Amino acid sequence: MHKLTRATLAFNGLGRCLVADKHVSALQIHSRGFVCAQHVDDLGKNEVYDIIISGGGMVGSAMACSLGMDRNLEGKKILLLEAGNKKVMHKVPDTYSTRVSSISPGSATLLTGVGAWEHITKMRCKPYKRMQVWDACSDVLITFDKEDMQDEMAHIVENDVVVAALTKQLDDLSDNVQVKYRSKVVKYSWPMPHQQANAIPWVKVTLASGESVETKLLIGADGPNSMVRQELGIPTVKWNYDQSAVVAVLHLSESQKYLLTLPRPILCALQLSDTESSLVWSTSHQQAQELLELDEESFVDAINSAFWSNENQSELIETAGSLFRSTLSAIMPSAGSPRQLPPSVAGIGPKSRVKFPLGIGHASEYIRHRVALIGDAAHRVHPLAGQGANLGFGDVACLTRILSQAAFDGKDLGAMQHLLEYETERQRHNLPMMAAIDLMKRLYSTNAAPVVLLRTFGLQATNMVPALKEQIMGFASK
């Protein structure tokens, strides 16, 4: 097709533009009285979408489903780009996956709204109503308990199950959302905030296949190493914890009725079933490698030792903690929670041991002109209690609501005005949660006596005040 870089055209006396070339597509009227055609590359080659979501993991797929089911966005062209293969799960595997998340009630509500939660419950998930947090340097603990309530605290769900459920739902939304699997992005071209001659009006996405598409709004859901964020040059505040997490599927000797977090070393046992849990063991890079190299029996012994060991406990801390607990009990005799012992591990799942480095990161901006970041592309947290996915699902719910209102009002979906509203709302929620998780990690990564004494008093005081625990659970459940 003919390419036109610039043409000068005049108006006739009737005010009509005399265009000799039928391929001219964009004209700009200048104050001097003549018209210039903007640079157009291969007119009509690139299909233009209203919204493109880059990344089809849990958060990206949920974003596509949420937008595709919104009434105000009906008729909008939506595309989901996923670099990997389509994840189909006709039946759940016999073995559990090591990658799991704790799905909060707020996230479950979102997944219910997009029709995926029904698929998840038919496949595999485990609700829990109690979480106990021990301090390995003392005998204190805190219990978050919903035994007397009808609702669960959260559900432990394998990430693959969540993606498979969302993929199944996307198949039912094929009229509203187009999905391109095995579509690796190699380049993004960004529009200028203010339209200029020879500038592209939309975000242009070039795929490895050579195909190019354009969009009025690009949503980056491409993970912690987000190409969208990096190519935009958005600064990220991040640091590594100089630690690795070892994950494995545990087979327990007895039924586990609660979610366990043992802060030092930081071990989380996330319930997969009554007798199986997902282990997340945060430790030094060296010890993590040593744990991977142990035979199964030695690895099981190491886990049981970490669950039951009292080698880090101090008589001074024990005495001080006991006195403080007695004082609190005198003031609030009915407060507190019953202690449950850690489980005994009998074995591990085959080939379930893996490790990955730990760190935290937060994008200084969630948005740019015609671009929004969600999920791990915008924020990355320590896998303490598996809360990272909930922050991403919160992004999905917020951005959907804002884009729905923008569409209802007839506004440009990629305009900064409502994208700023999304950024402000989510940063106000995400930053305190990330700070709390980071503080907990740092607080429980030391056995210095003053710090241990401080957290001992803090845990005991919090455990004796039900109203405070309810506030903490309420914030975490969103």
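1. The crossing of α2 and α9 is left-handed (left-handed if the near helix is turned anticlockwise from the far one by less than a right angle, right-handed if clockwise). Ser107, Leu110 and Leu111 of α2 make the contact with Asn390, Phe393, Val396 and Ala397 of α9, contact meaning heavy atoms within 4.5 Å. By class, 5 nonpolar, 2 polar and no charged residues take part in this contact; Ala, Val, Leu, Ile, Met, Phe, Trp, Tyr, Cys and Pro count as nonpolar, Asp, Glu, Lys and Arg as charged, and the others, Gly among them, as polar.

2. This is a predicted model, in which local features need pLDDT of at least 70 and side-chain atom pairs count only at pLDDT 80 or more, whereas totals for chains, interfaces and linings use all residues. Residues are numbered from 1 along each chain as its sequence is written, and side-chain values use heavy atoms, with hydrogens and water left out.

3. As to the geometry of this pair, the axes of α2 (residues 105-113) and α9 (residues 388-408) come within 9 Å and cross at roughly 50°. That angle makes α2 oblique to α9. Angles under 35 degrees count as roughly parallel, over 145 as roughly antiparallel, 65 to 115 as roughly perpendicular and the rest as oblique. The axes are lines fitted to C-alpha atoms, for helices over the stretch in contact, and angles run from 0 to 180 degrees between N-to-C directions.

4. On the α1 side the residues are Met58, Ser61, Ala62, Ala64 and Cys65; they meet Asn159, Val162, Val163, Leu166, Gln169 and Leu170 in α4. The class count here is 8 nonpolar, 3 polar and no charged residues.

5. Asparagine 159 of helix α4 counts as buried at 10% relative accessibility; buried means under 20% relative accessible area, exposed over 50%, and partly exposed in between (1.4 Å probe, protein chains only). Neighbours within four places in sequence aside, asparagine 159 is in contact with Met58, Arg99, Val100 and Ser101.

6. Strand β20 (residues 276-283) contains serine 277, which is buried, with a relative accessible area of 0%. Not counting residues up to four places away in sequence, serine 277 touches Ala248, Val249, Leu250, Leu252, Gln256, Ala269, Leu270, Gln271 and Leu272.

7. Valine 280 is also placed in β20 and counts as buried at 9% relative accessibility. Beyond four places in sequence, its contacts are Ala245, Val246, Val247, Ile266, Leu267, Cys268 and Pro383. The C-alpha atoms of valine 280 and alanine 269 are separated by 6.7 Å, the two residues being 11 apart along the chain.

8. On the cysteines, the structure holds 0 disulfides, a disulfide being a pair of cysteine sulfur atoms within 2.5 Å. Cysteine 65 counts as buried at 0% relative accessibility, and cysteine 398 is buried with a relative accessible area of 3%.

9. For the protein chain as a whole, the secondary structure comes to 12 helices and 25 strands; these are DSSP runs numbered from the N terminus, helices being H or I of at least four residues and strands E of at least two. Of the 478 residues, 50% are buried. Among contacts with a separation of 6 or more, 76% involve residues 24 or more positions apart.
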